Amino acid sequence: MRRTKLTTVVMTVTAALVAVAVFLPLWWVFVSSTRPGNSFVQYLAPLSWLAFVPIGGDATNYLRLFSGGSFMAGLANSFLVTGLTILLGLIVAVLAAYALAVMEFPAKRVVFGFVIVVAMIPFDAIAIPLSSLFQDWGLSDSYAGLVLPALANGFAIFVLRQFFLGVPKELIEAAEIDGLGTLGTLWRIVLPLSK
């Protein structure tokens, strides 16, 4: 009993110290963001406890940030590109994974091998050639130029294919016999199972 209480105390103190170690840099960034200009550096060399106390600061920097239209426009663009990339990328990945898992067609293994190889190539290795290719196509500075490179996500295709392989073939065959068809089976049977 005593050992359990001691273990609980030690674990709680350790967790609190870890939480403070994680939270302290975030708090310093917030406090520094309220100070005008470069005044946040005056307490850094040598490091003083005053660097973590919000003295002499106000919300001017935040008011200036949110009153300018460029930040809000950039934030809206980020949400739009992220949403389109996730939505369209998921559609492409689901359709490709379902075809690779369920359908039979020539060179199925070769296509899957190509998907795996593409998934292993880091994006940094193809970013520059892709950028010049998109420039030739007139897609620079456009939403399509930001969304298109992320659509064919080999890792997402691989993970979804592995799940789709676990769906019993009898269930898929029964759905197709009942008249659902390939896309109906995917939409009404396989996708609800993969939620």
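Predicted model: local features only at pLDDT ≥ 70, side-chain atom pairs only at ≥ 80, totals over all residues.
Let me start with Y98, which touches M103, F164, I172, E176, T182, T185, L186 and V190 once residues up to four places away in sequence are set aside, a contact being heavy atoms within 4.5 Å. Residues are numbered from 1 along each chain as its sequence is written, and side-chain values use heavy atoms, with hydrogens and water left out.

Y98 belongs to the largest nonpolar core, which has 15 residues, and together with I157, L160, F164, L186 and V190 it touches the most other members. By such a core I mean a set of buried Ala, Val, Leu, Ile, Met, Phe, Trp, Tyr and Cys residues joined through side-chain atoms within 4.5 Å, where buried is under 20% relative accessible area, exposed is over 50%, and partly exposed is in between, with a 1.4 Å probe and protein chains only. At least two residues of this core come from each of α3 (69–101), α4 (108–120), α7 (154–165) and α9 (181–194), and α3 gives the most, with 6 residues. Helices here are DSSP runs of H or I of at least four residues, and strands are runs of E of at least two, numbered from the N terminus.

On the overall fold, the protein has 9 helices and 0 strands. Its radius of gyration is 26 Å, whereas a compact globule of 195 residues would have one near 16 Å; the radius is taken over C-alpha atoms, and the globule rule is 2.2 Å times the number of residues to the power 0.38. The C-alpha trace spans about 70 × 65 × 30 Å along its principal axes, and 18% of the 195 residues count as buried.

One of the buried residues is V147, with a relative accessible area of 6%. V147 lies in helix α6 (residues 143–147) and touches V81, L84, T85 and L88, not counting residues up to four places away in sequence. From V147 to L183 there are 36 residues in sequence and 25 Å in space, C-alpha to C-alpha.

Turning to the pockets, the largest holds about 390 Å³ of space and is lined by 16 residues, of which V118, F123, I126, P149 and A152 lie nearest its centre. A pocket, on a 1 Å grid over the protein atoms alone, is an open set of points where a 1.4 Å probe fits, with protein on both sides within 12 Å along at least five of seven lines, and lining residues have an atom within 4 Å of a point. The largest share of this lining, 4 residues, comes from α5, and the lining divides into 14 nonpolar, 2 polar and no charged residues.

What classes of residue line the second largest pocket? Its lining has 8 nonpolar, no polar and 7 charged residues, and the pocket has a volume of about 320 Å³. Of its 15 lining residues, A101, V102, E104, K108 and K169 lie nearest the centre, and α8 provides the largest share, with 4 residues.

K108, in helix α4, counts as buried at 17% relative accessibility. K108 touches A99, L100, A101 and M103, again not counting residues up to four places away in sequence.

Terms used: Points joined across faces, edges and corners; volume = space filled by probe spheres on them. Nonpolar A, V, L, I, M, F, W, Y, C, P; charged D, E, K, R; others polar.
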